[in-house]
Amino acid sequence: MGVLAAALATAGCSAGKDAGERRASNAQAGPIGLFTTLPILWPEADDIGGFLHGEAQVHWAMRALRTQGDVRALNTLFADPPPLAGFALLVMAQPRALSPSENVALDDWVRRGGRVLLFADPMLTADTRFSLGDRRRPQDVVLLSPILARWGLRLEFDDAQPAGQRDIAVPGGSLPVNLPGTLAVAGAASKCRILAGGIAAQCRIGRGGALIIADAALFEPAIGDDARRRGRLLDALILIARAS
């Protein structure tokens, strides 16, 4: 619990700073990679006209991420040159399924010291305007079993649980969830610690680490006080992931 306590203490200090001060203090940590199918970087719009006419607003999570440093979107985790080079933290929010090469590249990067904050939702509940089969549609069911197994975790889902948003206490604050998954240790060599009744797990992976959340309802649209509360929680989770 020492690492968590230190990270949460840092989060408390960070919350007292304005956005400019926090961005400056986090600049030395390096840019943040963002790998997601959720409409965080580009809000949903039927065509480019929605963006050109200013109809799309900046997602609250994007504003929160930018207070933590320079945010750079990634379309792939494997290429030449390596896309993850130069990053110290990767935020994966309901990512698409990874190719075998991407699984290897991600695992190698983490074991060399990279940190990951992963939101892996087995049953995404967010509304979307895009129909099934549309490539712009967020990933409905996360498909990350190979990399989770490599890190000593298994993601399970109880399809008998009641639907509806509720709050779960996690390191860093109160997390809104809706039909979340459950994380379990898989394998005797696992260096993962299960938190919040299985909603979260913190793993040591070589010289790096990962903080995994088995839900992505945090990223649903929010405004006003709710958006600020979610932003503070995301800030805290990033700090914990960096200390993993």
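Which glycine takes a positive phi just after α5? Glycine 113 does, with a phi of about 130 degrees. The model is predicted, so local features need pLDDT of at least 70, side-chain atom pairs count only at pLDDT 80 or more, and totals for chains, interfaces and linings use all residues. Residues are numbered from 1 along each chain as its sequence is written, and side-chain values use heavy atoms, with hydrogens and water left out. Helices (H or I, at least four residues) and strands (E, at least two) are DSSP runs, numbered from the N terminus.

**Sheet**
- Seven strands form an open sheet with mixed pairing, in the order β2-β1-β3-β4-β11-β10-β9; two strands pair if DSSP finds at least two bridges between them.
- β2 (71-73) and β9 (192-195) are the edge strands, each pairing on one side only.
- Strands β3 (residues 89-93) and β4 (residues 115-119) run parallel and are joined by five bridges.
- Alanine 93 has phenylalanine 119 in β4 as its bridge partner.

**Helix α5**
- Helix α5 (residues 100-111) has 12 residues and reaches 17 Å from its first C-alpha to its last, close to the expected 16 Å (1.5 Å times one less than its number of residues).
- Buried residues in α5 are Glu102, Asn103, Ala105, Leu106, Asp107, Trp109 and Val110; buried means under 20% relative accessible area (1.4 Å probe, protein chains only).
- The cover over these buried residues includes β1, β3, β4, α6 (145-150), β10 and β11.

**Helix α4**
- Six of the eight residues of α4 (residues 60-67) are buried, namely Trp60, Ala61, Met62, Ala64, Leu65 and Thr67.
- Just after α4, glycine 69 takes a positive phi of about 145 degrees.

Note on methods. Buried < 20%, exposed > 50% of the residue type's maximum accessible area, 1.4 Å probe, protein only. Contact = heavy atoms within 4.5 Å.
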